[in-house]
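Please open the structure in your viewer and keep the sequence beside it, as this tour moves from one selection to the next.

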Amino acid sequence: MKDRRRRYDVTWRRFFWFTVVVVFLSCVLLTFSTSRLLFRESFHPVLGSTRRTSAIKAISGDSPVTPVLSVRETVALPDQVIVFLNYPPSARLFTKEELDCVYLSANSSQPRLKQPSAQTDGESLDDQIVRCPTGPRGLTVSLAVKSDVRVPPGPTHRWDSLAYEALIDGDNTTIVFAKGLNLRPARIYNASRFECVYGWDFRRSKRLIRSDALSAAQEIVRCKTPLSVLNSQRKVNGSIKVSVRVKGRGILHSAARLRLGRPIDPNPDPVTRKPYEMCICTMVLNQAKFLKEWVMYHARIGVQRWYIYDNNSDDNTDGVIKRLLDANYNVSRHVWPWIKTQEAGFAHCALRARDSCVWVGFIDVDEFFHLKSGLMFHDVLQNVSLRYDGVTSFGNSRKKYGNIGEIRVSCYSFGPSGHKHVPVQGVTVGYTCRILAPERHKSIIRPEALNSSLINVVHHFHLRDGFRFLNMNKGVMVVNHYKYQVWEVFKEKFHRRVATYVVDWLDERNVRSKDRAPGLGNRAIEPQDWSNRFCEVRDTGLRDRVLQNFVSPGSHLLPWQEGYGYEEAKAKNIMVKVKNRRKGRRGHRTKP
């Protein structure tokens, strides 16, 4: 009897608690359904930051206050801080005048210092950067809208240990450009030491996707791209970040967002032409006053397209490029803030130009191709095709140019040529005295002929198997390198060199390098005889061609002199002619 009562009590208790649970769930379901009927909205979980939302506000006329700006990340360079911004799709870009740079200590939200932003760059919502002056040591840099609304800072990275650019190549491999790999130039390293890492937050290693490296050289690592990354990239191009893991050392910090390149056609049309036969790529730092002559001159000898990588210029380089575009020169400016990365920048440019350019020349803005024969680039390239491959058809570039993948052009260095001030008619006319022997060479390459490692040193690349280089006859084409110009121009070289493996001039290392001025040392002190140095032979070949073919019959001005007022430029040209005549008379009376 007692056993029956115990079983009855247990059964009743179970029934009671079961009924309570059912009633409770019914009430919850009824409440949720009623709320949907009342508000007609479905529930969607939203991830957000109350700190970010409350701090960021838009100041745009009478528009409502909405969050429109956040700091994605910050990179500290030696002479400035680069702040990368995030915008929502419907926002507008802020201007330099609307933003201040604020400097915060680690444990305080109140700024210790505020300064105007130095410059903004980028014309789309996903690539704008703000340049801030370098602040006191130990402070974090962020931004504030002029209304005193502060933007929370993002993560800060060092420039010299950072994955800074990345793209998916046409063969679906990932190419990562990174500082801090510490690889020597012109050497291919064991790829098994490296792997690419994909994700959004590299602090959480369990959420990262990894892929083996295929090659590693200089500042470039190429990896297999995981299929999951390829699929997601097609949906949200540019939102996934990628870095490099060096085995035994860890993952590099990253500011590199992965972007899709153009696919490589496995079966190209043999009669399809690229739009441009001859292009030029360069990297500039404050060369605005020379860009106009450089572009206009090369246009006159057959260059059709220019890729200009702007390495933190603050001298209105972008304004000069816009005016050249308005004058129908096919010039593009690519913001490239990464310092000491010229070789990587040239590799990046070669990939960009591959689908558009048959040939790409890599030279600096103080270097000018001089076609001594008076021909145009098309004629010279056609002669290369006829002489070395015997093919005259205008079909696929591989068939036309055979296995010539690179043309190496000897480079002659010119001195100040007696000048103490910048020549009025430009460098091609003003500098006519040079060193006797050529120094190194510069290259014109076919982008599809490059080795997959993309190794390049001093403007020449490693080629794929089956391709070879050609040394251009010095009687046909050379490069005039106006390397040692008047002191007011030359001393700017002491600021910073753009090449990765070239020591800055102020650095005391490698003082006997060929990349330095002989006998000058590492201090920007003008020698008394500077204007007459580096003058072993007089060479007026390029000057003569420019004056004979480029001077306007009406104004008697060269194309790049349009910046002057007409009367001023004409007067200066007359003064130059008078000085040249006087020099000629003195030279005639002097025994050789």
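This is a predicted model: local features need pLDDT of at least 70, side-chain atom pairs count only at pLDDT 80 or more; totals for chains, interfaces and linings use all residues.

Cys-411 has a relative accessible area of 2%, and because a residue under 20% counts as buried, Cys-411 is buried.

Next, turn to the disulfides, of which a search of the whole structure finds five. Select Cys-101 and Cys-132, which are joined by a disulfide with an S to S distance of 2.0 Å. The pair links distant parts of the chain, since Cys-101 is in strand E3 and Cys-132 is in strand E6, 31 residues apart. Both Cys-101 and Cys-132 are buried, and their link is left-handed, with -85 degrees about the S-S bond.

Stay with strand E6 (residues 129-132), which runs antiparallel to strand E2 (residues 81-86) and is joined to strand E2 by four bridges. One place to look is Ile-82, whose bridge partner in E6 is Arg-131.

Now show the open sheet of five strands in the order E5-E6-E2-E1-E9, where the pairing is mixed. Strands E5 (119-121) and E9 (156-158) stand at the edges with a single partner strand each, so one side of each has no neighbour in the sheet.

Finally, select strand E20 (residues 276-284), which holds Cys-279, while Cys-357 lies in strand E23 (residues 357-362). The sulfur atoms of Cys-279 and Cys-357 are 2.1 Å apart in a disulfide. Strand E20 also holds Cys-281, whereas Cys-349 lies in helix H6 (residues 342-353). A disulfide joins Cys-281 to Cys-349, and this link is right-handed, with 140 degrees about the S-S bond.

Key: Residues are numbered from 1 along each chain as its sequence is written. Side-chain values use heavy atoms; hydrogens and water are left out. Two strands pair if DSSP finds at least two bridges between them. Helices (H or I, at least four residues) and strands (E, at least two) are DSSP runs, numbered from the N terminus. A disulfide is a pair of cysteine sulfur atoms within 2.5 Å. Buried means under 20% relative accessible area, exposed over 50%, partly exposed in between (1.4 Å probe, protein chains only).
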